[in-house]
Amino acid sequence: MRIISLVFLLLIACNQKEKDVKVTDFRSSISLLSEKILENPNDTSLLHSRADLFLINGNLEGALLDLEYLYQLDSNNYQNLSNLSHVYYQLGEKGKIDYFRKALLLLDKEIVTLKNELKDLSLRYKLYYYISKHKKSLFDINNVLKLDKYIAEAYYYKGLNFFKLGDTAKAISQFQTSVEQDPDYVNAYVLLGH
């Protein structure tokens with residue numbers, strides 16, 4: 001029993017040491033990148049690297065500053081728009097709901113429709129649903145389903161939109177299609193049960 005306890009304590013100590021090393025590596029990497037950025041404030045590759053490092057470590061606010069600056073430097077760069085809108089959305093999910101509006105302002109640009117990127121259209125249809133622009137949400141969902149007809153979440157949101165528009169029969173059909181695409185999609189089962 002004592003040996004098991006000792007092994008357990010050693011594992012905990014090793015795990016803590018790994019975490020300490022990761023934190024130290026993260027901080028030193030951020031410091032190094034920050035020094036280089038101070039020397040070259042408009043070097044987009046350095047800004048992207050630091051934003052990516054912040055995102056990998058779950059620091060949305062740190063990444064946000066770099067992504068906003070990147071967008072400010074080149075608002076015509078579609079990737080800058082996409083990255084920034086997704087971080088805004090993630091911050092909105094963490095309770096900072098003003099960021100949902102900021103995400104939609106970026107995603108509401110015509111270039112998003114023209115680019116027809118699955119991840120951006122998917123994010124936009126959710127935001128349109130949240131603000132009760134159901135026809136716009138349905139338009140984006142249909143475009144997403146043209147790109148990939150097996151996305152259970154898209155059918156789920158399509159059902160939600162039809163339900164809000166008062167078409168219960170179409171809503172039920174979409175929820176059923178959602179669970180056909182993903183038998184583990186619990187939210188659709190719950191609404192079908194209602």
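**View 1. Tyrosine 130 and its neighbour tyrosine 129 form an aromatic pair.** Tyrosine 130 is partly exposed, with a relative accessible area of 41%, whereas tyrosine 129 is buried at 15% (buried means under 20% relative accessible area, exposed over 50%, and partly exposed in between, with a 1.4 Å probe and protein chains only). The model is predicted, so local features need pLDDT of at least 70 and side-chain atom pairs count only at pLDDT 80 or more, while totals for chains, interfaces and linings use all residues. Residues are numbered from 1 along each chain as its sequence is written, and side-chain values use heavy atoms, with hydrogens and water left out.

The structure holds nine aromatic pairs (rings of Phe, Tyr and Trp, the last by its six-membered ring, pair if their centres lie within 6.5 Å; planes under 30 degrees apart count as stacked, over 60 as edge-to-face and the rest as tilted). In the pair of tyrosine 129 and tyrosine 130, the ring centres are 6.1 Å apart and the planes stand at 65°, so the pair is edge-to-face.

**View 2. Tyrosine 156 and phenylalanine 175 form a tilted pair.** Their ring centres are 5.8 Å apart and their planes lie at 45°. Tyrosine 156 belongs to helix H9 (residues 152-164) and phenylalanine 175 to helix H10 (residues 168-181), so the pair ties together parts that are 19 residues apart in sequence (helices are DSSP runs of H or I with at least four residues, numbered from the N terminus). Tyrosine 156 is buried, with a relative accessible area of 11%, and phenylalanine 175 is buried as well, at 4%.

How values were computed
Helices (H or I, at least four residues) and strands (E, at least two) are DSSP runs, numbered from the N terminus.
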